[in-house]
Amino acid sequence: MSALLAPLGVLGRNTLGLMAAIGRVTLFALQTLSHIVRPPFYSREFGVALMQIGWLSLPVVGLTAVFTGGALALQIYAGGARFNAEAVVPQIVAIGMVRELGPVLVGLMIAARVTSSIAAEIATMKVTEQIDALVTLSTHPMKYLVAPRVLAALLVVPLLVGIGDIIGVFGGYAVATGTLGFNAAAYIKNTVNFLELFDILSSLAKGCVFGGIASTMGCYYGMQSGRGAQGVGRATKGSVEAAAVLILAANFVLTGVFFSL
């Protein structure tokens, strides 16, 4: 009998552990928001976070978007040729990049680049007792380390998503007009006419949510890091995994909310 109940016990413990982890992350996110809206504000830390998350992420975001847009145009053209529907390339590239691929890919790139960096930095500060030194100097670690990074990500990742959308659409335009024989003016006209304002706003809203997830996971795992080099490594790995899964899950939920009305 005990052998039959053992799997249920394992499932129960894992479920309780998952719920406890969700609760801890939720409380951490709420504390972060409370510190964002209450003074004091550390403008220097905020400016550094803006540069690291925004400006320094532009190259990887741009390269990812342009190659994705070009590959998407080739795939749509090849698939559409089976049904004599090659003319839909501009419309599908535009809506695919703006609604889905642009926000998701930018979010995953931010998770890979920024989340790992934040987690490693804060975890290293914890290991070397720099966070304890902040407390000794009457500086709240959440307000000094977490709030500026999360606020910067909330503001700058939507801008990165918008830039990624534009570059991705341009990648599809370059391939379609340079390789597939599309007329440049007609391609641009079809793209502009097909996109709606709500498509753009939903893309930027996703970017805001994904930026918040990526930065919060990096800060959370960094603050919860264990001691030693192994603790820093586990915090970095766990932060990227959690951010990537949550970004994809949030994209599914947001897509259902925005486009199933």
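Helices (H or I, at least four residues) and strands (E, at least two) are DSSP runs, numbered from the N terminus. By that rule Ala119 lies in helix α4, which covers residues 89-127. The model is predicted, so local features need pLDDT of at least 70 and side-chain atom pairs count only at pLDDT 80 or more, while totals for chains, interfaces and linings use all residues. Residues are numbered from 1 along each chain as its sequence is written, and side-chain values use heavy atoms, with hydrogens and water left out.

The protein chain has nine helices and zero strands. Along the sequence its pattern reads α-α-α-α-α-α-α-α-α. Its C-alpha atoms fill a box of roughly 65 × 60 × 35 Å, taken along the principal axes. Of the 261 residues in the protein chain, 41% are buried. Buried means under 20% relative accessible area, exposed means over 50%, and partly exposed is in between (1.4 Å probe, protein chains only). A contact means heavy atoms within 4.5 Å. Among the contacts in the protein chain with a separation of 6 or more, 85% are between residues 24 or more positions apart.

Return now to Ala119. Its relative accessibility is 0%, so Ala119 counts as buried. Leaving aside neighbours within four places in sequence, Ala119 is in contact with Gly218, Gly222, Ala235, Thr236 and Ser239. Tyr144 is 25 residues from Ala119 in sequence, and their C-alpha atoms are 15 Å apart in space.

The next topic is how helices cross. Axes are lines fitted to C-alpha atoms, for helices over the stretch in contact, and angles run from 0 to 180 degrees between N-to-C directions. Angles under 35 degrees count as roughly parallel, over 145 as roughly antiparallel, 65 to 115 as roughly perpendicular and the rest as oblique. A crossing is left-handed if the near helix is turned anticlockwise from the far one by less than a right angle, and right-handed if clockwise.

The axes of α4 and helix α9 (residues 228-259) come within 8 Å and cross at roughly 155°. The two helices are therefore roughly antiparallel to each other, and the crossing of α4 and α9 is right-handed. Their contact has 15 nonpolar, nine polar and two charged residues. Here Ala, Val, Leu, Ile, Met, Phe, Trp, Tyr, Cys and Pro count as nonpolar, Asp, Glu, Lys and Arg as charged, and the others, Gly among them, as polar.

Helix α2 (residues 43-53) and helix α6 (residues 141-178) have axes that come within 8 Å and cross at roughly 40°. This makes α2 and α6 oblique to each other. Their crossing is right-handed. On the α2 side the contact is made by Glu45, Phe46, Ala49, Leu50 and Ile53, and on the α6 side the residues include Tyr144, Pro148 and Arg149. The residues of this contact divide into 13 nonpolar, no polar and two charged.

Helix α6 also packs with helix α8 (residues 197-223), at an angle of about 150° and with the axes 7 Å apart. This crossing, too, is right-handed. Among the residues that make the contact are Arg149 of α6 and Cys208 and Cys219 of α8. By class, there are 13 nonpolar, seven polar and two charged residues.

What of the cysteines? A disulfide is a pair of cysteine sulfur atoms within 2.5 Å, and by this rule the count comes to zero. For Cys208, the nearest cysteine sulfur is that of Cys219, 15 Å away. Cys208 is partly exposed, with a relative accessible area of 30%, whereas Cys219, at 0% relative accessibility, counts as buried.
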